[in-house]
Amino acid sequence: MKEMKIAKNEVVSFLDSLIREYKVFAPVKRDSFVVFQEIHSGSEALLDYANSKKPPKEIFFPQSEVMFAYSLHGEGLGIEEPAFEEKPRVIFGIRPCDARSLVILDDIFNSEMYKDVYYIDKREKTLVIATGCNQPNSTCFCTSLGGGPFSRDGSDLLLVDIGQEYVVQAVTEKGEQFLKKHSEFKDVDEHSLSLMRNVIETAGALIKSKVETEEIKEKLDRMFDDPFWDLVHEKCLGCAICTYLCPTCHCFDIADEATDHRGKRIRIWDSCAFPMFTLEASGVNPRPTNKERTRQRIMHKFKYFVDNHGMAACVGCGRCIKECPVNLDIRAVLNSILNR
Amino acid sequence: MPDTSVMIRDTAKKLLDEKRVDLIIGFERGTLPLCSSPCFTRRSEEAERLIWNASCENNLAKYLRRREEKVGIVAKGCDIRSIIGLIKEQQIDREQVFIIGVPCNGMIDRRKIEAKLDGKEILEAEEEDETVILKGRDFTEAIKKEEFLHNSCKTCNHRNPVIYDVLIGDKVEENQGFDEYKEVKEFEAQSADRRWQSFTNEVSKCIRCYACRNACPLCYCQECFVDSSQPQWIGKTTNLSDTSIFHIVRAFHTAGRCVDCGACERACPMGIDIRKLTKKIEKDVKELFHYEAGVSLEDIPPLATFNPDDPQEFIK
């Protein structure tokens, strides 16, 4: 695997040069938190941060997205295609957990059975430059889900912070080609590589939060009717924080917004936590109470998704843990399941 | 504080053992520093988990409605005022609730502390009488609790329970000599453009997760207006217009009912200043109808009644 390096003090000018050619998304400070946004100058990017409040899935799967527009006129119905991406894009500074979430989202939006043109357009036109985590947070449990602070899944390039420089690992062919075209990337020496290996090893050991996730699916296979669910949901408010801030949650609703003879069909995020999520036109709701909906969340992520896609729909980023207003900690739920 | 936790536990165990309640809703230790979590206990042994400290910030009155059983609830001043509201709106029976009232000096706002630490993660927190000792990977810092309270705690004038079935510990001193509407007045004094700018800046952060609505004990409509499709009152995207209407309408739906417990603001993941509107409406209700929500079981909420003397300067 090709490795090069870039000096930290050259990153801002590197981003500035990218901005001329690409639409560049990077972590940006907004009030007291961090979000991924398009930047118009390299100095806007935050290089040192824990993780963004909202997951960067919104760069590929926005909270609301116009699928097409329509208008009725004298000659009939006119359909306006959605705006596809014109410029190639770069997402810079995404964390390895979030980069891994793209692999999971790929399996949903770009599978043999289903090709989501909106997602695929953005995904194919985006180069993913991830920054590994030298100091994971206490709520990070990526290693329990097949990831890690320097996991390469889902990225084209992975940056490793070794002090004054980043070592850059070319994860994909696309990443390697990109390195060749940018002179800010220099050849890397053995000393830097050895620093890199140290950083990676140390970071792995800093992940303190662990859950034995391999046995969860087996337990869940037998737990649909378990009285466990009667109690675990009690404090849950049924809001959408965990689903909207989760990098792998992908459920959506489709709404038409129209006035007179013109309208738009819009895809919007939806949440299985909402009562209306499974409300059928007949009035029947297969998940009538918070109990069924909380059970669904855990089952979907750790059993159904494993059944259908061979992996858990969770990357251990810890956002749901940090942001849940009632501290319904998914790690505690998983550990309770393991102890059943 | 340890005393308060012990007193709550003892009270809870007694109530459960004597079968005076079937369930006690309180707080237990959370999985993060400076964090507690709502706890549902049905047996005396489970009551051992109950705690009380300056991170017991949730409004547990949310969990009282639609229960068959007799419920005990560990409640601070604001929570109890919500309970009074729920009783007046006939959502719960007074006899069904056993109120374990806890005098409160305010709850700590974790986010204010995180902002001060500018990204450094808190790994441990030890609460003392007036201070909290924070420990991170490479720092230790002591902070004064009263400098990091939630905004709604800073303007609270009901730190002691208004009603209760048992009072835990001694009453505390009420906040004195301050203007709870100081920030509202500053806002009112601004131009309409400036106020609109300020309001839209806040709500543009909204991700329509409805945590504010779901955390509020007084938001209990079977079908919330945001979920109505026939007619559809507002769109479901984060379009600024739709989001603004959501916040404005929700604020008006809580007019004369909101007790300013701050649960909405605490639940919001994006740190939106939700009380900007609700506190202003609370002030208007006080001035127009001389009414304060959640302090009396007898008075009728102003939007549920009328009085021939009601102000009508708007009729010209």
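In chain B of this predicted model, let us start with an open sheet of three strands, arranged in the order S5-S6-S7 with antiparallel pairing. At its edges you will find strand S5 (124–127) and strand S7 (140–144) of chain B, each of which pairs on one side only. On average, neighbouring strands of this sheet are turned by 20° against each other, with direction ignored. What holds such an arrangement together? Strands of a sheet pair through backbone hydrogen bonds, either parallel or antiparallel. Now follow one pair in detail: S5(B) and strand S6 (residues 131–135) of chain B run in the antiparallel sense and are paired over four bridges. Within this region, Glu127(B) stands opposite Val132(B) in S6(B).

Next, step back to the domains of chain B. The domain assignment gives domain 1 (1–108 + 157–178) and domain 2 (179–316). How far apart do the C-alpha centres of these two domains of chain B lie? They are 26 Å apart. The two parts also touch: 19 residues of domain 1 of chain B are in contact with 16 residues of domain 2 of chain B. On the domain 1 side of that contact in chain B, you can count seven nonpolar, six polar and six charged residues.

Finally, turn to chain A and look at helix H11 (residues 330–338), where Ile330(A), Leu334(A) and Ile337(A) are buried. Seen down the axis of H11(A), the buried residues fall within an arc of 60°, so they line one face of the helix. And what covers these buried residues of H11(A)? The cover includes helix H6 (216–221) and helix H10 (319–323) of chain A.

Key
Residues are numbered from 1 along each chain as its sequence is written. Chains are lettered from A and ligands numbered from 1 in the order in which they are written. This is a predicted model: local features need pLDDT of at least 70, side-chain atom pairs count only at pLDDT 80 or more; totals for chains, interfaces and linings use all residues. A residue is buried if 20 or more other C-beta atoms lie within 10 Å of its own, exposed if 12 or fewer, and partly exposed in between; C-beta atoms are placed from the backbone. Helices (H or I, at least four residues) and strands (E, at least two) are DSSP runs, numbered from the N terminus. The arc is that of the directions from the helix axis to the C-beta atoms. Two residues are in contact if their C-beta atoms, placed from the backbone, lie within 7 Å. Two strands pair if DSSP finds at least two bridges between them. Axes are lines fitted to C-alpha atoms, for helices over the stretch in contact, and angles run from 0 to 180 degrees between N-to-C directions. Domain bounds come from an automatic or database domain assignment. Ala, Val, Leu, Ile, Met, Phe, Trp, Tyr, Cys and Pro count as nonpolar, Asp, Glu, Lys and Arg as charged, and the others, Gly among them, as polar.
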